[in-house]
Each structure stands twice: as structure tokens, then as C-alpha cells.
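The entries follow in the order in which I made them.

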Amino acid sequence: DEEGIYVVENRLVKKVAFTRGGHFYKLRRAPQGGAPTLEVDGIHMHRIKEVSPWQDSILKVRAAKVKRGSRVLDVCTGLGYTASISIEFGASEVLSIEVDPVVLEIAHKLRLAGL
């Protein structure tokens, strides 16, 4: 599976894709490479045509005119790309809100895997 993202848990290789609470979640490689995107019920949480998820997040932060000293509210944080890039752009404070515990679990798996 060239699109799937896999992690090692308890010495087993597992694809990050599962159903929970009536929704299907998976991490997916973007065609441009780089950071993966999250899919929920088949909908990508980042644009992946012509840009990578990182590039998509950079474009969003630029459009929001985040600069040194900005205070940022990141709603639907997802995997945290926009929050991270806001800090790189000089934001002095970023408040991230993600209400879906499954998305938080997936983001945690990414961090553990070093992605």
C-alpha cells in the first residue's frame, strides 16, 4: 500500500487506519511527499494536489498574516502542522483546540514515530 502510513507498536507493524465511533480514520502519504495528511471518512484534512500538507499549512498561516508576536487560535488542530508553522512564523502564543480524541491519538502516534 503506497498511500498508507505504518507505525511499529509492541514490535508489530500496524497501518494507521481504523474505524471508531462510526468514522473511518487513516493517515495517508501525500503525492508530493513530506508530512502525511489525515483522512476522516475519505476527506483529506489538507490539500494534497500540487502542494504537500506542510506547504498547505504554510499557505494558511501566510493568509492569516501570522507574524512575530501574533496570538493564534488554531481550531480543529488535527496533526498540529498549522500550530507548528505559526510558531515558526513568530507567533508568541498558539492555542490549539482539537475535540476529536481519535485525531489526538493519531497525532500522538505520529510524534512517537518521529514523523
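I began with E105, which counts as partly exposed because its relative accessibility is 28%, where buried means under 20% relative accessible area, exposed over 50% and partly exposed in between, with a 1.4 Å probe and protein chains only. I keep in mind that this is a predicted model, in which local features need pLDDT of at least 70 and side-chain atom pairs count only at pLDDT 80 or more, while totals for chains, interfaces and linings use all residues. I also note that residues are numbered from 1 along each chain as its sequence is written, and that side-chain values use heavy atoms, with hydrogens and water left out.

Which residue does E105 form a salt bridge with? I found R20, with the closest N and O atoms 2.6 Å apart, a salt bridge being a side-chain nitrogen of Lys or Arg within 4 Å of a carboxyl oxygen of Asp or Glu. E105 lies in helix α3 (residues 101-113) and R20 in strand β3 (residues 17-20), so this pair ties together parts that are 85 residues apart in sequence. R20, at 37% relative accessibility, is partly exposed.

I then turned to R71 and E93, which form a salt bridge with their closest N and O atoms 3.2 Å apart. This pair links distant parts of the chain, with R71 in strand β7 (residues 71-75) and E93 in strand β8 (residues 93-97), 22 residues apart. Here R71 counts as exposed at 67% relative accessibility, whereas E93 counts as partly exposed at 40%.

A further salt bridge joins the side chains of K14 and E9 at 3.4 Å, N to O. K14 is partly exposed at 33% relative accessibility, and E9 is partly exposed too, at 22%. I also recorded a network of salt bridges that links E3, R28 and E39, and the structure holds seven salt bridges.

For the charges of the whole chain, I noted 17 positive and 14 negative side chains, the centres of the two sets lying 4 Å apart. In this count Lys and Arg are positive and Asp and Glu negative, with His and the chain ends not counted.

Next I looked up the secondary structure, which comes to three helices and eight strands, read as DSSP runs of H or I with at least four residues for helices and of E with at least two for strands. Along the sequence the pattern is β-β-β-β-β-β-α-β-α-β-α.

How does the radius of gyration of the chain stand against that of a compact globule? A compact globule of 115 residues would have a value near 13 Å, and the chain's 15 Å agrees with this; the radius is taken over C-alpha atoms and the rule is 2.2 Å times the number of residues to the power 0.38. Of the 115 residues, 39% count as buried.

Last came the backbone angles. Most residues other than glycine have a negative phi. N10, in the loop between β1 (6-9) and β2 (12-15), has a positive phi near 50°, and N10 is exposed with a relative accessible area of 71%. C76, which is not a glycine, has a positive phi of about 60°; C76 lies in the loop between β7 and α2 (81-88) and counts as exposed at 61% relative accessibility.

Notes
Charge placed at Lys NZ, Arg CZ, Asp CG, Glu CD.
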